[in-house]
Every structure is written in C-alpha cells, then in structure tokens.
Amino acid sequence: MRIAHVRPSILSVDLPDGEVFAYSQAWYRRRRSLVLEIETADGTVGYGEAFGPAGTNAALIDEVYAPLLLGRDARDRETLWLELYNAMRDHGRKGTALEALSAVDIALWDLAGKHFGEPCHRLAGRNYRRQVAAYATGFYRKQVVGGLTGQAPLLVEEALRYVAAGFTALKVKIGFGIDDDAAVVAAVREAVGPEVRLMVDANHAYDRAAAREVARRIDRYRIDWFEEPLIPEDQRGLGRFRSESPIPLATGEAEFGRWGFADLLRYDAADIVQPDCCAAGGLTEVLKVADLADAAHVRCIPHVWGTGIAVAAALQALAMVAPCPPGLTPREPLLELDRTYNPLREELNLTPPAVGSGMVYTIPTSPGIGFEPDRRVFDAYREPR
C-alpha cells in the first residue's frame, strides 16, 4: 500500500441570496471545503476532509505533508500521524496544522478499510452501536429587514420543519444578545413542545457574566447542553462556568489533539467534549479524545460540519465511541446534521448512509469510511488550482 499520489482539492459553492446566513461570529456566503485524495500504487483512493480555511490547508498539505507521505505505506497511519504532527510541532500544534492533518488521517483510515475490506470501526474493533440518531443544527440568522435580532418567528417555522421531518433533537444558534437569545429559546420550546430535545450553541459569543445570565434565563426550557459559551482559550473560565451553570457544558469544536482535550478535562471544563474528525486530528485523535473523556466519565459527541466526507467519518467515529456510562441505559451520542444549504454535503456521496424514522442513521458497513464520490459533483464544484 505505497502512497503514490496526494491530491488536495478545494470544493466550493456560493450560497443563493436566501441561504446566506450568520452565526454569532460571521456571515457565511460560501461553503468551501478542502477534500483530500490519497492514492496508493495499486490505484486505491482514500478520501479525507479538513475543517477550516481550505486554501491554507491545501498549501500545508502540498508543502509539508505530501512530501513526507509519498512512497510510504498507507497502513502505518499512527506512525505517519506522529511524523506529520512533529513536522509542524514548532510552528502550529493547533488550528490548520491539525485540520490539514485530519484530512490525511481520515484518508489513511479510508484506505486501510478498503485494503482490508472492512469499515473503519471494524478495523478498530469498536462496534458499540449500529445506529445513531441525528440532531438538526440550524437556526442561523438570515439577511432580513430589522437585522440579526427579532427573528424568532422565522426560527419557530424552521423548528417545526425539522420536527415534521422526523428530528427529535434540535440545536439552536444563540449569541445575538441575552434578551434575543432568551426570546428565541422560549419561542422554539413553546412551538416544539416538551418532548423534543433542545441544545443551544453560542459559538463563544459571551464573557462569563453574560453566559451565566443566558444560562439562568433559559434553564427553565429543559436544555440538554450549552455549547461554547466562552472563548476556547479560556479553559479555566470554562471550568468555573461549568461549576456555576445549571445547564451541562459542551465544548471542543475549536480544540485540537489529545493534548488540548486533556487540558479541557484537567480543568473540568466540559460535561460533553466535541472533537471534530476533520479538525481535531482525524479519526486517530478523536478515538484518543473519546478514551480520555471515557476515563473522565465525560460524554464524547463529535462536532460535524462539512461535506459528505465529514458526515461519513463522523458516523464511523460514533460507532467507536464507548457508551457513557456503560449499562442498560447509557446516554447515547448523537450525529450532528447541519441543515444549511450545502450540495457538497447532500450530493457528493454516491453511497449516502441509510436513514430511518426519527432521523436515525445506520452506521455504514462498506469498506473504509463509507464514502464514494460522485465525480460529476466533485468536478462541478472543484476550484481550479
């Protein structure tokens, strides 16, 4: 399984005017992803994806990682992981260095699965579940008269669409002001009723005092978790907030590698850790993070954002996350399913995972991560390089 080619590609799609959206930190007008193909000498191709700035990730793979991969045995993925990480250790132990490495690692797992004819979770010997329920991530703000706040009626309509589609859990984007956040959460809860699970995500929009006030005002609405209330650098502050908040704290979308998550757990800064397969270091690191969380008796629910590759990798990871706590009634992890407009998520995979009632996804058992690209879609959205 000698590596013969390493091909990063940038896939992008401009959002139609009605689909442009904002979270608490920025507007999204385009979906853009770094997709990686690693091909071995026998013609087998593994696919990976990197979260974050696609152009920077592509350049890093071209300049640093590809020369170290060519000619190597693709089965040595942990050996290669450490060599590539060490190549950037003096220059970037988080951020794009780990995001680009994530794409490499996912592709190597995909290659190994195809070589041995097994899904990734079978290679790891970790087959904890065959199905996983999805939750809908949405409730972003749109470009409307009146600005970012006061959009509760639109978000209620959105919530009802998700429930009608079969979702039993929803994650509401907040971080647009304490009063607006409280009004949105109240309106959504009233609309969907008491049985639908609700989570909130501020994308680190608040300081500790404001986050405490938000938590105090929305606790009555039965919130499963409060995601990223504070900036990710403030791990000590996250630990203190967790001890004060009536709502469980989730974080980790902007954390990287086993060392970053070990620090989070050292500060007691999470009830739920959320490593992203395409950011935290690939499936290799997500498994290490999941085991750290298990040892700390903390749940691991991966963050997901990107193309069909990201979804496929996350499903493999979810099969491998140990139940927490073990027993007859564990709190099972969930699959995050972004609901914004993105043909790279909906159309790129020729073999999308099966989904049943209640938005329950079957973990793919085809070799690798369970992804094969529709080359017409791939080529239609690929930027020239």
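In which sense do strand 6 and strand 16 (residues 360-362) pair, and over how many bridges? The two strands pair in the antiparallel sense, and three bridges connect them. The structure is a predicted model, in which local features require pLDDT of at least 70 and side-chain atom pairs count only at pLDDT 80 or more, whereas totals for chains, interfaces and linings use all residues. Residues are numbered from 1 along each chain as its sequence is written, and side-chain values use heavy atoms, with hydrogens and water left out.

Helices (H or I, at least four residues) and strands (E, at least two) are DSSP runs, numbered from the N terminus. Two strands are taken to pair if DSSP finds at least two bridges between them. Strand 6 (residues 131-138) is largely enclosed by the rest of the structure, because six of its eight residues are buried (under 20% relative accessible area, with exposed meaning over 50% and partly exposed in between, for a 1.4 Å probe and protein chains only).

A separate description applies to an open sheet of three strands, which has the order 1-4-5 and antiparallel pairing. From one strand to the next, the twist averages 25°. Strand 1 and strand 4 (residues 30-40) run antiparallel and are joined by eleven bridges, with S12 opposite R32 of strand 4. Helix 3 (residues 96-116) packs on this sheet and touches strand 1, strand 4 and strand 5; the direction of helix 3 makes about 155° with that of strand 5. Axes are lines fitted to C-alpha atoms, for helices over the stretch in contact, and angles run from 0 to 180 degrees between N-to-C directions.

Two helix pairs involve helix 10 (residues 282-295). Helix 9 (residues 257-266) packs with helix 10 at an angle of about 20°, the axes being 9 Å apart. These two helices are therefore roughly parallel to each other (angles under 35 degrees; over 145 counts as roughly antiparallel, 65 to 115 as roughly perpendicular and the rest as oblique). Their crossing is right-handed, a term used if the near helix is turned clockwise from the far one by less than a right angle, anticlockwise being left-handed. Contact, defined as heavy atoms within 4.5 Å, is made by G257, R258, F261, A262 and L265 of helix 9 and by E285, K288, V289, L292 and A293 of helix 10.

Helix 10 and helix 11 (residues 308-320) pack at about 30°, with axes 10 Å apart, and are therefore also roughly parallel to each other. Helix 10 passes helix 11 in a right-handed crossing. L283, V286 and L287 of helix 10 meet A313, A317 and M320 of helix 11.

A322 lies in the loop between helix 11 and strand 14 (335-338). Leaving aside neighbours within four places in sequence, A322 is in contact with Y128, R129 and D294. The C-alpha atoms of A322 and R299 are separated by 9.0 Å, the two residues being 23 residues apart along the chain.
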